[in-house]
Amino acid sequence: MTNMRLTDQQTGYVSEIFCSIQGEGVYVGERQVFLRTAGCATTCRWCDTVWSKERTDVCVVHGRETRELTNPVTAVEALDETLTLVRAGAPVKTVSITGGEPLEQPAFVADIARRLKDHGLRVYLETNGLEVGGLGSMGSHVDVVAMDIKLPSATGKDHWDVHRDFLGALPGVEVFVKLVVEPITPFDEIEKAVRLIAGAGRDIPLVLQPESSAYLEGTRGARGRSALLEMIERAQRFGLEHVSDVRVIPQCHRLLNVR
Ligand code: SF4
């Protein structure tokens with residue numbers, strides 16, 4: 001990542017700001033404030049934040065009272081609301097910038113991240129790993145990148161080269177990769193994802209995330225559930241042959257039914 005000078009306040013589209021537990025990945029369970037950007041051009045079959053895919057007119061702030069801001073919001077407006085939630089109760093140390101896809105608004109997100117760092121906060125960026133160009137704006141303003149690998153079977157598109165470039169553009173930043181696994185995920189796609197990660201670094205953690213509706217809502221029935229468990233075990237065993245840290249972590253916020 002290279003530093004970019006950001007002098008002017010940026011504006012952007014935010015879907016919601018709230019405080020909750022981190023429900024995914026290697027920091028699962030950590031209390032964080034979430035700033036969810038609005039807008040995502042990707043189409044994941046199992047998208048669990050469909051309301052954030054469009055750039056809506058309103059940003060909802062879930063504090064002691066629910067408030068609405070008019071989009072696009074300024075970086076300072078978004079920062080002020082975020083800091084209010086950070087300081088409510090026991091202080092929160094980490095802000096997760098999530099989406100939608102944050103890097104579809106790179107200048108805005110970089111501006112907010114820089115301001116959060118100025119306030120001593122840790123910045124955690126959740127991304128679909130497809131907006132390589134957006135990374136250049138982020139400078140040293142991000143502490144952790146939680147990057148998805150989007151499989152062709154989930155999006156209908158082949159993103160392998162873009163994901164490879166994205167991972168290659170992250171030297172010096174803590175990163176882990178998340179892979180959503182369904183009962184019907186082609187195993188050769190899992191193999192390809194694992195090899196791609198191993199090519200970027202054997203020490204990059206891989207989180208296998210069972211697709212939630214398959215076990216929480218039973219969308220694929222009892223057989224789907226057991227097929228998912230078999231797939232997950234097979235994927236973890238294969239992954240551990242190539243990278244050093246492969247964990248199975250379900251979406252804990254979905255288990256707890258919290259935002
Ligand atoms: S990248 Fe994220 S927000 Fe976009 S469709 Fe996929 S899951 Fe939904």
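**Nonpolar cores, ligand site and cysteines**

In the predicted model, leucine 167 is in contact with Met147, Val175, Val177, Leu196, Ile197, Ala200 and Ile204, residues up to four places away in sequence being left out of the count. Leu167 belongs to the largest nonpolar core, a set of 61 residues, and is listed with Ile149 and Leu206 as having the most contacts inside that core. Apart from this core lies another, made up of seven residues, including Tyr27, Ala146, Val207 and Ile249. In soluble globular proteins, nonpolar side chains tend to be buried together.

The ligand takes up the space of the largest pocket. Its surroundings are formed by Cys40, Thr42, Cys44, Trp46, Cys47, Thr49, Lys53, Gly100, Asn128 and Lys150. By residue class, this shell around the ligand comprises four nonpolar, four polar and two charged residues. Cys40, one of the residues surrounding the ligand, has a relative accessibility of 17% and therefore counts as buried, the limit being under 20%.

A disulfide is a covalent bond between the sulfur atoms of two cysteines. With a pair of cysteine sulfur atoms required to lie within 2.5 Å, the number of disulfides in the model is zero. Cysteine 59 accordingly takes part in no disulfide, and the nearest cysteine sulfur, belonging to cysteine 19, is 15 Å away. Cysteine 59 has a relative accessible area of 0% and is therefore buried.

Conventions:
Residues are numbered from 1 along each chain as its sequence is written. This is a predicted model: local features need pLDDT of at least 70, side-chain atom pairs count only at pLDDT 80 or more; totals for chains, interfaces and linings use all residues. Side-chain values use heavy atoms; hydrogens and water are left out. Buried means under 20% relative accessible area, exposed over 50%, partly exposed in between (1.4 Å probe, protein chains only). A residue is near a molecule or strand if one of its heavy atoms lies within 4 Å of it. On a 1 Å grid over the protein atoms alone, a cavity is a set of points where a 1.4 Å probe fits but cannot get out, and a pocket is an open set with protein on both sides within 12 Å along at least five of seven lines; lining residues have an atom within 4 Å of a point. A molecule sits in a cavity or pocket if more than half of its atoms lie within 2 Å of its grid points. Ala, Val, Leu, Ile, Met, Phe, Trp, Tyr, Cys and Pro count as nonpolar, Asp, Glu, Lys and Arg as charged, and the others, Gly among them, as polar. A nonpolar core is a set of buried Ala, Val, Leu, Ile, Met, Phe, Trp, Tyr and Cys residues joined through side-chain atoms within 4.5 Å. Contact means heavy atoms within 4.5 Å.
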